[in-house]
Amino acid sequence: RPALVWLRDDLRLADNPAVEAARASGRPLILAYVLDEESPNIRPLGGAARWWLGRSLAALGAEIRALGGTLVLRRGAAAEVIPALVEASHAAAVFWNRRYGAPEIAVDGALKAALVGSGLLVGSFNAALLHEPWTVKTQAGGPFRVFTPFYRSARQQEVSPPQRAAGTWSFAEAPPGDRLDDWALEPTRPDWAGGLRENWTPGERGAAARLATFVDEELAGYTQGRDRPDLPHVSRLSPHLRFGEVSPRQVLAAVRHAADAGTVPGRDAEKFVSELYWREFSYHLLFHFPDIGRQNFNARFDAFEWQPDATLERAWRKGMTGYPLVDAGMRQLWQTGWMHNRVRMVAASLLIKHGLTDWRQGEEWFWDTLVDADPANNPASWQWVAGSGADAAPYFRIFNPVSQGEKFDPNGAYVRRFVPELAGLPDAFIHKPWQAPADVLRRAGVVLGETYPRPVVDHAAARERALARFARIRGEL
Ligand code: FAD
């Protein structure tokens, strides 16, 4: 009788413990993916992530076909679909890799109990993290709330090496499933996914190629370069990690290997690894504080009086705030489904602090538009920027979108790429076009208020307003 592997956020064959356990059981395999938008409290994927999922499943299906099997696709609540698959295939064992959000844990826990109750062998594994959230503990035995001690403690633990999917594969006859096209995960009219197709190769092979290029060509210089949206020094592995097309263990091993071989400076490798641990920290928070996506981590922030400004929010979404760095970021997000981390911080800060808009509004927009929209990293990062999060930026830190641009996009190359209507401006004004003399604007073909907006809010005034507003709850923070 076969072993069923239920694939979820682990769309890969290598270093996939659930797949390896099923193969090691000596049983023929059934590999299945369930599009579950029906289980209680499961947050449906946003548009960009649905696009990615569709492409990633197509790639995985092709890999499995090449090995002689079929990826079975089913739609519905997992509590019904998995038992139905077990019945249809006569599976004797079910394996999966763990998830860490509360609704997913509830689904998996109930299912495990039901399957074990009906005599099946059930195995669950860690495929998504370097360390399970419950294994990293403070001295008092509780979860960490601050990154640095979390990092120090986690780093003392061993990370098991990645497994290769070597040897032969044996598949059972697959029960019937859906056609991927019928799920309509990709947009048709309007087809907004052109920029996504141009920029990304979802799937395990795409992930491996991205990792190899990053390690060979881009990782050297990461320590300084990671803050520069105009330079190619970040890995852009985030959507591949989000969908589990590559495991953090594989990423860690490749980076360590390059550092040990001396092909990249150890300093850059270490800095990069510490960023991977921010992802670990977010998952640690999600597991221990499951409301992180809905509730202020710091409950005293509940007293903050948001005063959302619909005009500013609309301009922000469209990349028309009049602050070139923020607009470049928001357009990069819309066009490519991804935004550089430095710009995410500045853009989020503008919405929250200049716009006095609840971080949850921004989190929703990112959830819908990011290909790497992640249930742990997205809310944890938004709360970090708001100041309401664990180990967050202090509430009085209000990014200046002009000086951030001048510092991190010094020649304006990033802005020119995504805000082409400003391309003709000299470097001195590329981050503050409203300060350019009339003849400079004319020569660059920029007409403020027509070809490009004036700032939707004045930085200095917005800063004072936000500080005053935050001061009201300061005593409570
Ligand atoms: P690299 O610099 O190459 O880092 C490698 C990996 O480390 C990343 O893929 C990611 O998994 C992890 N990582 C790096 N920086 C961070 C960080 N600050 N926090 C947590 N993990 C990190 N990341 C997501 O994966 N999904 C999200 O939905 C998400 N939303 C964000 C929202 C806001 C407002 C902000 C400020 C940050 C958000 N991040 C999110 C974190 C970070 O911006 C991205 O992980 C990073 O930009 C991805 O690009 P990269 O893979 O090239 O990163």
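Predicted model: local features only at pLDDT ≥ 70, side-chain atom pairs only at ≥ 80, totals over all residues.

Entry: I started at Pro190, which I found in the loop between α5 (147-155) and α6 (194-199). My helices (H or I, at least four residues) and strands (E, at least two) are DSSP runs, numbered from the N terminus. The peptide bond that joins Arg189 and Pro190 is cis, with omega at about -10 degrees.

**Entry: positive phi.** I looked up two residues here. Asn41 is not a glycine, yet has a positive phi of about 65 degrees. I located Asn41 in the loop between β2 (29-35) and α2 (47-66). Is Asn41 buried or exposed? For this I use C-beta atoms placed from the backbone: a residue is buried if 20 or more others lie within 10 Å of its own, exposed if 12 or fewer, and partly exposed in between. Asn41 has 11 C-beta neighbours inside 10 Å, so I wrote down "exposed".

Leu356 is not a glycine either, and its positive phi is about 45 degrees. Leu356 sits in the loop between α14 and α15 (359-369). I put Leu356 down as buried because 20 other C-beta atoms lie within 10 Å.

**Entry: Ser89.** I found Ser89 in helix α3 (residues 78-89). Ser89 has 20 C-beta neighbours inside 10 Å, so it counts as buried. Which residues does Ser89 contact, leaving aside its neighbours within four places in sequence? I got Pro2, Leu4, Ile30, Ala172 and Pro175; contact means that the two C-beta atoms, placed from the backbone, lie within 7 Å. I also checked Ser89 against Gly449, 360 residues apart along the chain: their C-alpha atoms are separated by 64 Å.

**Entry: strand β4.** Strand β4 covers residues 93-97, and four of its five residues are buried. I looked for its partners, where two strands pair if DSSP finds at least two bridges between them. Strand β1 (residues 3-7) runs parallel to β4, with four bridges joining them, and Val5 stands opposite Phe95 in β4. Strand β5 (residues 121-125) is also parallel to β4, joined by five bridges. There, Val94 stands opposite Val122 in β5. From β4 the chain crosses through helix α4 (residues 102-117) to β5, a right-handed β-α-β crossover. Right-handed means that, with the strands pointing away from me, the path from the first strand over the helix to the second runs clockwise.

**Entry: domains.** The domain assignment gives me domain 1 (3-126), domain 2 (129-160 + 203-288) and domain 3 (299-474); such bounds come from an automatic or database assignment. Taken over C-alpha atoms, the centres of domain 1 and domain 3 are 39 Å apart. Their contact takes eight residues from domain 1 and nine from domain 3.

**Entry: the ligand.** Where does the ligand lie? Domain 2 and domain 3 both give residues to the shell around the ligand, so it lies between them. Of the 27 residues around the ligand, Val234, Ser235, Ser238, Asn378 and Ser381 come nearest; to be near, a residue needs its C-beta atom, placed from the backbone, within 6 Å. Helices α9 (238-242), α11 (266-288), α14 (341-354) and α16 (377-386) each supply at least two residues of that shell.

Note on methods
Residues numbered from 1 in each chain as written.
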